[in-house]
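Trainee: I have a structure open and would like to learn how to read it. Could we go through it feature by feature?

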Amino acid sequence: MALPVEVLLGIYLGLLTGIVPAFVAGSLGFLVRYFTGVTLPGFGVVVLALSIASVQGGLLGLIEPTIAQSPRLLVAVLVVLMLALYAHNQGDKLGAELPRRLSLTSIRQRTLSTDVVELVGTMGRVTVRPTGEIHDMEGYPPLSPDLRRSLKNGSWRLPADLPLSELESRLEERLRTDHDLADVSVTIDERARAVITAAPPSGGLSKRIPDGRRAVSIATLVPTGLARGDEVSIRAGERTLSATVLSARTEIDDEHAADESVVPDDETPVPDGGDPAADAVPAPKPSAASAGGIGRVTVAVARRDVKSLLETETPKLVVRSRGTSREFEAFALVRRAEHAIRRLTVGSSADADARDAADVTVLAARRQGSETGGRRSGWVFAPGIERSLEPGDEVFVAGPEAATDEFVEAVAR
């Protein structure tokens with residue numbers, strides 16, 4: 001028989017006989033690498049593949065003994081070995097890349113696509129925008145047209161080094177704060193597109209009034225920057241009353257809101273995605289600081305002070321200082337000592353020696369897998385950190401600025 005025909009028959013027999021050895025070699029390569037972290041030697045794969053193929057070849061030889069005396073046998077053996085080695089290589093690679101502690105929590109820790117990440121200095125940022133319509137939450141009244149339009153045209157910048165579940169939690173909290181939503185649910189995909197389901201504010205004013213207090217609106221000169229939550233003193237005649245600001249509105253605020261809500265009156269067609277210029281206009285936030293000027297302020301005062309405040313024709317409002325924030329004071333001390341605090345996620349290629357850097361202290365860590373609790377918990381603070389850092393852990397580290405930057409560069413992903 002001609003040599004080309006023998007070669008073709010050898011390839012055919014090799015493919016037919018090599019399926020089982022390739023499957024066994026690939027499975028063993030994956031299992032050994034996944035559970036032990038060791039690569040199965042190639043010589044062992046060759047011996048195993050030949051042993052399995054010899055059984056099938058022996059059975060085939062009983063039917064056609066001439067195969068053992070033809071060139072096709074050598075070609076078939078080479079095909080079997082190539083299939084087995086290729087399957088073993090793929091199984092070994094899969095065992096190395098597959099997470100060893102696969103859980104529902106780790107599956108949820110998806111991250112953003114690198115195409116949507118914007119580098120701002122040394123930090124990555126992402127702009128999250130809603131996609132599709134803003135959905136109404138079941139069991140709540142529908143959203144008002146203005147609120148629905150404000151959410152649909154909004155965009156929010158968030159850190160890009162967080163898993164999607166944490167981004168969703170942060171955006172939910174921001175929307176709940178900025179728009180006084182009764183409830184909100186956000187789902188973000190890898191392209192930073194958010195699907196928002198929201199419920200309108202319910203009892204927005206009444207739920208912000210502390211027990212034992214009453215809300216009173218007064219016309220007065222509003223200081224620039226006054227916002228909800230500020231503590232103020234109101235001079236009502238001979239008395240000075242303590243109050244908490246619930247809302248502040250001036251003529252300038254109304255003018256700004258009117259300018260931002262103007263829609264061009266033309267018949268120019270726009271694409272289905274909307275008008276980019278209109279989408280870029282930020283929606284007014286109910287919790288934003290006032291521009292100042294003559295306006296009305298709603299404050300929460302004690303019940304005994306309501307009458308005297310209402311009887312005052314021209315009350316004067318003075319903002320009280322809350323003092324310096326202790327958090328900012330702590331960061332100022334850290335900066336003064338030329339130290340830095342960084343948040344990072346440990347990468348899979350991090351150097352083990354870099355993880356144990358003596359000059360850098362791990363302040364807190366959030367473990368991956370079963371050690372991490374719910375979406376907002378799971379942080380372990382020093383000195384409760386016992387084991388070394390592993391790929392996927394989120395940590396806060398502190399130390400000298402140069403050493404901390406080197407640590408982040410070597411460990412972070």
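Trainee: Which residue is the bridge partner of D136 in strand 6?

Mentor: First, a word on the model: it is predicted, so local features need pLDDT of at least 70 and side-chain atom pairs count only at pLDDT 80 or more, while totals for chains, interfaces and linings use all residues. Residues are numbered from 1 along each chain as its sequence is written, and side-chain values use heavy atoms, with hydrogens and water left out. Now the terms. Strands (E, at least two residues) and helices (H or I, at least four) are DSSP runs, numbered from the N terminus. Two strands pair if DSSP finds at least two bridges between them. Here, D136 has A198 as its bridge partner in strand 6. Strand 3 (residues 135-136) pairs with strand 6 (residues 193-199) in the parallel sense, over 2 bridges.

Trainee: How many bridges join strand 5 to strand 6?

Mentor: Strand 5 (residues 183-188) and strand 6 run antiparallel and are joined by 6 bridges. V186 stands opposite I196 in strand 6. The two strands form a hairpin with 4 residues between them. In that turn, A192 has a positive phi of about 65°.

Trainee: What is the strand order in the open sheet of 5 strands?

Mentor: The order is 7-10-9-8-11, with antiparallel pairing. Strand 7 (213-222) and strand 11 (316-319) are the edge strands, and each pairs on one side only. From one strand to the next, the twist averages 40°. Look at one pairing in detail. Strand 7 meets strand 10 (residues 293-302) in the antiparallel sense over 10 bridges. R214 stands opposite V301 in strand 10.

Trainee: How do I read the packing of helix 1 and helix 3?

Mentor: Two packed helices are described by the angle between their axes and the distance between the axes. Axes are lines fitted to C-alpha atoms, for helices over the stretch in contact, and angles run from 0 to 180 degrees between N-to-C directions. Helix 1 and helix 3 (residues 72-97) pack at about 25°, with axes 6 Å apart. That makes helix 1 roughly parallel to helix 3 (angles under 35 degrees count as roughly parallel, over 145 as roughly antiparallel, 65 to 115 as roughly perpendicular and the rest as oblique).

Trainee: Which residues make up the contact of helix 1 with helix 3: how many are nonpolar, polar and charged?

Mentor: The contact has 19 nonpolar, 9 polar and 4 charged residues. Ala, Val, Leu, Ile, Met, Phe, Trp, Tyr, Cys and Pro count as nonpolar, Asp, Glu, Lys and Arg as charged, and the others, Gly among them, as polar.

Trainee: How many aromatic pairs does a search of the whole structure find?

Mentor: A pair of aromatic rings is described by the distance of the centres and the angle of the planes. Rings of Phe, Tyr and Trp (its six-membered ring) pair if their centres lie within 6.5 Å; planes under 30 degrees apart count as stacked, over 60 as edge-to-face and the rest as tilted. The search finds 2 aromatic pairs. F30 and Y34 have ring centres 5.5 Å apart and planes at 25°, so this pair is stacked. Y34 and F35 form an edge-to-face pair, 5.0 Å centre to centre with 85° between the planes. F30, Y34 and F35 form one aromatic cluster.

Trainee: Is Y34 buried or exposed?

Mentor: Y34 counts as buried, at 16% relative accessibility (buried means under 20% relative accessible area, exposed over 50%, partly exposed in between, with a 1.4 Å probe and protein chains only). F35 is exposed, at 63%.
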